[in-house]
Amino acid sequence: MKNLIEGKIYDEERALYHLQDTKVSKCIFAGKKDGESVLKETRNIIVDNCSFSLRYPLWHVQKYKLLNSKLDEKTRAPIWYSNNGLIEKCNIKGIKTLRECSNIKIINSKIDSKEFGWKCNNVEMKDTNIISEYIFLFSKNVKLDNINFEGKYSFQYMENLEINNSKLDTKDAFWHSKNIIIKNSILKGEYLAWFSDDTTFINCKIISKQPFCYCTNLKLINCEMENTDLAFEYSEVNADIKGHVISIKNPKLGTIVVDSVGEIISQDSIMPVKGKVFIREKFKNKNGEINIQKSNSIK
């Protein structure tokens with residue numbers, strides 16, 4: 001970096017507007033003037049060990065590193081329309097963090113931000129704890145690894161999402177999303193993946209009420225289900241499931257293999273349902289097949 005700004009306090013409007021090729025270190029962005037957009041339109045900057053308590057600090061920024069920094073609840077909408085960024089070892093509490101951003105890496109951070117990551121492209125997040133609602137709404141090309149997530153209405157209307165080695169405590173997740181791969185993860189929540197297309201779960205544990213309804217091209221490979229009921233209604237699904245499923249209802253097409261199932265429901269279908277359920281060890285008939293159009297339950 002050509003320039004260094006260190007140990008300063010800024011609270012005025014656009015305090016460092018269009019700053020270029022500069023490292024900003026150990027600075028505080030807060031004060032009585034309550035100025036907005038302190039680092040707007042900056043280029044090629046490193047922000048290290050700084051504290052933010054003003055609105056809209058990093059808008060329209062190109063090529064940035066945000067390191068070891070804190071953004072409190074007053075940093076509303078802190079990072080919008082900013083591209084080619086690294087966020088590492090940060091604590092972020094500003095609502096609506098990341099909007100219409102691209103080429104972003106987030107590593108080893110702690111984030112509490114409603115409406116996080118909307119309409120973003122090419123985002124990687126690793127080793128991070130995050131609390132949010134409607135996380136990554138309408139975003140594309142997102143990769144998450146070792147994420148501990150808590151929130152509602154997550155990963156909706158997305159394309160090209162990959163999640164590995166993560167824990168998700170959520171509801172209404174993956175609705176209307178396409179091309180989703182989730183591996184080696186734990187998912188807990190209601191109404192998972194409704195209306196999704198081309199979604200694959202591999203080596204996952206799923207704890208859910210009424211998951212995987214109205215799906216197309218749904219795959220579950222070597223997954224475990226726990227306390228899960230009313231699964232797969234009107235879905236096109238191929239699933240290999242460990243554990244006991246409380247109930248399966250009206251799968252539209254495909255094959256579901258389970259260790260055991262409490263009830264297979266074929267009532268009140270509004271469309272032809274041809275999905276088939278197989279019990280892995282204890283077959284209902286000599287072929288090991290239960291046709292849900294003819295059988296309501298198995299004990």
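Author: Start with Phe 174. Leaving out residues up to four places away in sequence, Phe 174 touches Ser 154, Phe 155, Leu 161, Ile 163, Leu 168, Ile 180, Ile 182, Leu 187, Ala 193, Trp 194 and Ser 196. Contact here means heavy atoms within 4.5 Å. The model is predicted, so local features need pLDDT of at least 70 and side-chain atom pairs count only at pLDDT 80 or more, while totals for chains, interfaces and linings use all residues. Residues are numbered from 1 along each chain as its sequence is written, and side-chain values use heavy atoms, with hydrogens and water left out.

The largest nonpolar core has 74 residues, and Phe 29, Phe 155, Phe 174, Phe 212, Leu 220 and Phe 232 have the most contacts inside it. Such a core is a set of buried Ala, Val, Leu, Ile, Met, Phe, Trp, Tyr and Cys residues joined through side-chain atoms within 4.5 Å. Buried means under 20% relative accessible area, exposed over 50%, and partly exposed in between, with a 1.4 Å probe and protein chains only. Strand S24, residues 236–249, gives the largest share of this core, five residues. In soluble globular proteins, nonpolar side chains tend to be buried together.

The protein chain has zero helices and 27 strands. Both are DSSP runs numbered from the N terminus: helices are H or I with at least four residues, strands are E with at least two. Of the 299 residues of the chain, 49% count as buried.

Now the rings. Rings of Phe, Tyr and Trp (its six-membered ring) pair if their centres lie within 6.5 Å; planes under 30 degrees apart count as stacked, over 60 as edge-to-face and the rest as tilted. By this rule there are 22 aromatic pairs. In one of them, the rings of Trp 59 and Trp 80 are stacked, because their centres are 4.9 Å apart and their planes meet at 5°. Trp 59 is in strand S7 (residues 58–59) and Trp 80 in strand S10 (residues 79–80), so this pair links distant parts of the chain, 21 residues apart. Both Trp 59 and Trp 80 are buried.

Phe 201 and Phe 212 form an edge-to-face pair, because their ring centres are 5.2 Å apart and their planes are at 65°. Phe 201 is in strand S21, while Phe 212 lies in the loop between strand S22 (205–209) and S23, 11 residues apart. Phe 201 is buried, with a relative accessible area of 0%, and Phe 212 is buried with a relative accessible area of 0%. Ring pairs join Phe 149, Phe 155, Phe 174, Phe 201, Phe 212 and Phe 232 into a cluster.

Ser 196 counts as buried because its relative accessibility is 1%. Apart from neighbours within four places in sequence, Ser 196 contacts Phe 174, His 176, Ser 177, Tyr 214, Cys 215 and Thr 216.

Glu 233 sits in the loop between strand S23 (216–229) and S24. Glu 233 counts as buried because its relative accessibility is 10%. With neighbours within four places again left aside, Glu 233 is in contact with Gln 210, Phe 212, Cys 213, Tyr 214, Lys 249 and Asn 250.
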